[in-house]
Amino acid sequence: MEQSIWEWVNAAGSYDAIPWERLPELDLYMDQVITLLSKQLEPFSIGEEKLLTPSMINNYVKDGVLPRPAQKKYSCEHLAMLMMICMLKSVLTLPEINAAMKGNLQNHTVEELYPDFAEAQQKALREVADNLNSLPSHDENALYRRAVMLALEANARRIAASRILDSLAPKEAKEAKEPKKEKPKKDTPPAEE
């Protein structure tokens, strides 16, 4: 495998999300949030892709996915939610992420959800790293096959997640998504002259 792939495999295999206890206790300004989370999210980006920008954060707030910051400062709850949003956004749509977050937050706090989320993400990354480490390093055909298999598995899991979220959506939300059917026009007899 190319050196960059091995570097990613090593980073993914040893990835540790920031534990809840180590999230900053002091609220952070936007530029501090970007700096902290960019380092934390680095294994999830490809090339020069930015997983988090100020405009993204502003859009998450505007769309109601992320609570408004207090006096332009972001708390540890904001940081944890941003981590979750950024890890999910390549798989789920923003409305799906919003539904999943709101559904989970009905019975749990962000502090309760985040450790389980971080652990599940770490486990998934380690499984993929182990999967790739089992490949012969110079067999391009094996790499192409594994890339397709990983993509198919990811697609199946994405579809399942979307279907689950869709089945949990309130009836009103489902009706709002469906195109409105036109009422059939009644045949009216031609006007008599």
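Q: How many helices and strands does the protein chain have?
A: The protein chain has eight helices and zero strands. Helices (H or I, at least four residues) and strands (E, at least two) are DSSP runs, numbered from the N terminus. This is a predicted model, where local features need pLDDT of at least 70 and side-chain atom pairs count only at pLDDT 80 or more, while totals for chains, interfaces and linings use all residues. Residues are numbered from 1 along each chain as its sequence is written, and side-chain values use heavy atoms, with hydrogens and water left out.

Q: What share of the residues counts as buried?
A: 31% of the 193 residues of the protein chain. Buried means under 20% relative accessible area, exposed over 50%, partly exposed in between (1.4 Å probe, protein chains only).

Q: And the contacts, what share joins residues at least 24 apart?
A: 69%, among contacts between residues at least 6 apart in sequence. Contact means heavy atoms within 4.5 Å.

Q: Switching to aromatics. How many pairs?
A: The count comes to two aromatic pairs. Rings of Phe, Tyr and Trp (its six-membered ring) pair if their centres lie within 6.5 Å; planes under 30 degrees apart count as stacked, over 60 as edge-to-face and the rest as tilted.

Q: Why is the pair of Y15 and F44 classed the way it is?
A: The ring planes of Y15 and F44 are at 85 degrees, with centres 5.2 Å apart, so the pair is edge-to-face. Y15 lies in the loop between α1 (3–13) and α2 (30–41), and F44 lies in the loop between α2 and α3 (54–62), 29 residues apart.

Q: Is Y15 buried or exposed?
A: Y15 counts as buried, at 5% relative accessibility.

Q: What about W20 and Y114?
A: W20 and Y114 form a tilted pair, 6.2 Å centre to centre with 55 degrees between the planes. W20 is in the loop between α1 and α2, while Y114 is in helix α6 (residues 110–133), 94 residues apart. Both W20 and Y114 are buried.

Q: Which residues touch the most other members of the largest nonpolar core?
A: I57 and Y114, in a core of 46 residues. A nonpolar core is a set of buried Ala, Val, Leu, Ile, Met, Phe, Trp, Tyr and Cys residues joined through side-chain atoms within 4.5 Å.

Q: Which helix gives the most to this core?
A: α4 (76–88), with ten residues.

Q: What is I57 in contact with?
A: Leaving aside neighbours within four places in sequence, I57 contacts M30, V33, I34, L52, L66, Y74 and L82.
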